[in-house]
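This report describes selected features of one protein chain. Please consult the sequence and the structure shown here alongside the text.

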Amino acid sequence: MGTDDYTVTITVDKPPLEVFAAVNDVWAWWSETIEGSTGNVGDSYLFEVPGIHRCTMTTTESVPGRRLVWHVSDSWLSFVTDTAEWEDTDIVFDLTETADGTEMRFTHRGLVPTGECYEVCTNAWGAYLTTSLRGLLTTGVGDPFRRTSTAESELRKHGNADLVDLEAIG
């Protein structure tokens, strides 16, 4: 993994297999609207925030309690010049058992500071991981993109209010 790839680490007082199961429950922490499946090599799902972002994730590595890798394809971002900026990137979850529970190291390989979507995308990933996924693991309740959410509410939730007028841009 490159040293510039976006990485965030959280530690929760849960065993690695429980963290692995929570990561795979993308509907509970990332988006209620995801279509498809995850967890086993070859599984594929579609993530979409209408009008803003769409991508397909395919599980390319799955080691329960240790590692999960999703490969991004069919990516589209409405708010950047290179709308396929996420294309052929990888989402990696590495889990390590510690004295305090499990350390989850998330890396989006290919999401780097020189990318046009870096600030917006890292704001969103940060919220989904450090708030929503952590909440799912610590309280049993995540804060995913809801079926009733709008693009505007999602942008505001993740600190990207400056992109609220995306319809005018895209």
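## Basis of the description

Helix axes are lines fitted to C-alpha atoms over the stretch in contact, and the angle between two axes is taken between N-to-C directions, from 0 to 180 degrees. The structure is a predicted model.

## Packing of helices H1 and H3

Helix H1 spans residues 16-24 and helix H3 spans residues 118-139; their axes come within 10 Å and cross at roughly 130 degrees. H1 is therefore oblique to H3. The crossing of H1 past H3 is right-handed.

On the H1 side, the contact is formed by Glu 18, Val 19, Ala 22 and Val 23, while H3 contributes Leu 133, Leu 136 and Leu 137. Sorted by class, this contact comprises six nonpolar residues, one charged residue and no polar residues.

## The nonpolar core

The largest nonpolar core contains 43 residues. Within this core, the residues with the most contacts are Trp 29, Trp 30, Trp 70, Trp 86, Phe 93, Met 104 and Trp 125. H3 gives the most to the core, supplying nine residues.

In soluble globular proteins, nonpolar side chains tend to be buried together.

Ser 75 lies in strand S5, which covers residues 67-77. Its relative accessible area is 8%, and because buried means under 20%, Ser 75 counts as buried.

Leaving aside residues up to four places away in sequence, Ser 75 touches Arg 54, Cys 55, Thr 83, Ala 84, Trp 86 and Glu 87. One of these, Trp 86, is also among the residues with the most contacts inside the largest nonpolar core.

Note on methods: Residues are numbered from 1 along each chain as its sequence is written. This is a predicted model: local features need pLDDT of at least 70, side-chain atom pairs count only at pLDDT 80 or more; totals for chains, interfaces and linings use all residues. Side-chain values use heavy atoms; hydrogens and water are left out. Helices (H or I, at least four residues) and strands (E, at least two) are DSSP runs, numbered from the N terminus. Angles under 35 degrees count as roughly parallel, over 145 as roughly antiparallel, 65 to 115 as roughly perpendicular and the rest as oblique. A crossing is left-handed if the near helix is turned anticlockwise from the far one by less than a right angle, and right-handed if clockwise. Contact means heavy atoms within 4.5 Å. Ala, Val, Leu, Ile, Met, Phe, Trp, Tyr, Cys and Pro count as nonpolar, Asp, Glu, Lys and Arg as charged, and the others, Gly among them, as polar. A nonpolar core is a set of buried Ala, Val, Leu, Ile, Met, Phe, Trp, Tyr and Cys residues joined through side-chain atoms within 4.5 Å. Buried means under 20% relative accessible area, exposed over 50%, partly exposed in between (1.4 Å probe, protein chains only).
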